[in-house]
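Q: I'd like to learn how to read charged pairs and packed helices in a model. Could you walk me through them?

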Amino acid sequence: MRLESAKLLWDAGHAAHAVRTFTDGVTKEQFFTDLLLRSAVERQLEILGESLVRLRRDDFGAAGRIPELHKIIGMRNVIAHEYGDIDYETVWVAVTKYIGPLISDLDRLLAEADPPN
């Protein structure tokens, strides 16, 4: 795997970990009513999605190993370009159900990119 691919995986993983940290212990009601929290999560999801857009462009093989890649990128596109149409129910489900498995996938790929000496 190319060094640039590892950097993109690191960026994506860092953003995903941030989303999990921001929302750890947060209820759905808190998420829906806290503009600052939603904004922070949206920003990290944008970074996550953009990193994966670039990974798909530069290293299709590595990107192809990330389940639901098209959905992650699609969410990033909605947040970045259709911000008035963000469905926070969908964001909440993504954050609470899918971010954990995605972190595992990204961490595994990153570990493969940088094997221990």
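Q: How many salt bridges does the count come to?
A: The general idea is that side chains of opposite charge can pair when their charged atoms come close. The rule asks for a side-chain nitrogen of Lys or Arg within 4 Å of a carboxyl oxygen of Asp or Glu, and by it the count comes to eight salt bridges. Keep in mind that this is a predicted model, where local features need pLDDT of at least 70, side-chain atom pairs count only at pLDDT 80 or more, and totals for chains, interfaces and linings use all residues. Residues are numbered from 1 along each chain as its sequence is written, and side-chain values use heavy atoms, leaving out hydrogens and water.

Q: What about E68 and K71?
A: Their side chains meet in a salt bridge, 3.4 Å from N to O. E68 is partly exposed at 41%, and K71 is exposed at 54%.

Q: Where do R108 and D105 lie?
A: Both sit in helix α6 (residues 88–113), three residues apart, about one turn of the helix. Helices here are DSSP runs (H or I, at least four residues), numbered from the N terminus. R108 and D105 form a salt bridge at 3.3 Å, and a network of salt bridges links R65, D105, R108 and E112. D105 is buried at 18%, whereas R108 is partly exposed at 33%.

Q: How do helices α1 and α3 pack?
A: Two packed helices are described by the angle between their axes and the distance between the axes. Helix α1 (residues 3–23) packs against α3 at about 160°, axes 9 Å apart. Therefore α1 is roughly antiparallel to α3, a label for angles over 145 degrees. Axes are lines fitted to C-alpha atoms over the stretch in contact, and angles run from 0 to 180 degrees between N-to-C directions.

Note on methods. Buried < 20%, exposed > 50% of the residue type's maximum accessible area, 1.4 Å probe, protein only. Helix = DSSP H or I, 4+ residues; strand = E, 2+ residues; numbered from the N terminus. Parallel < 35°, antiparallel > 145°, perpendicular 65-115°, else oblique.
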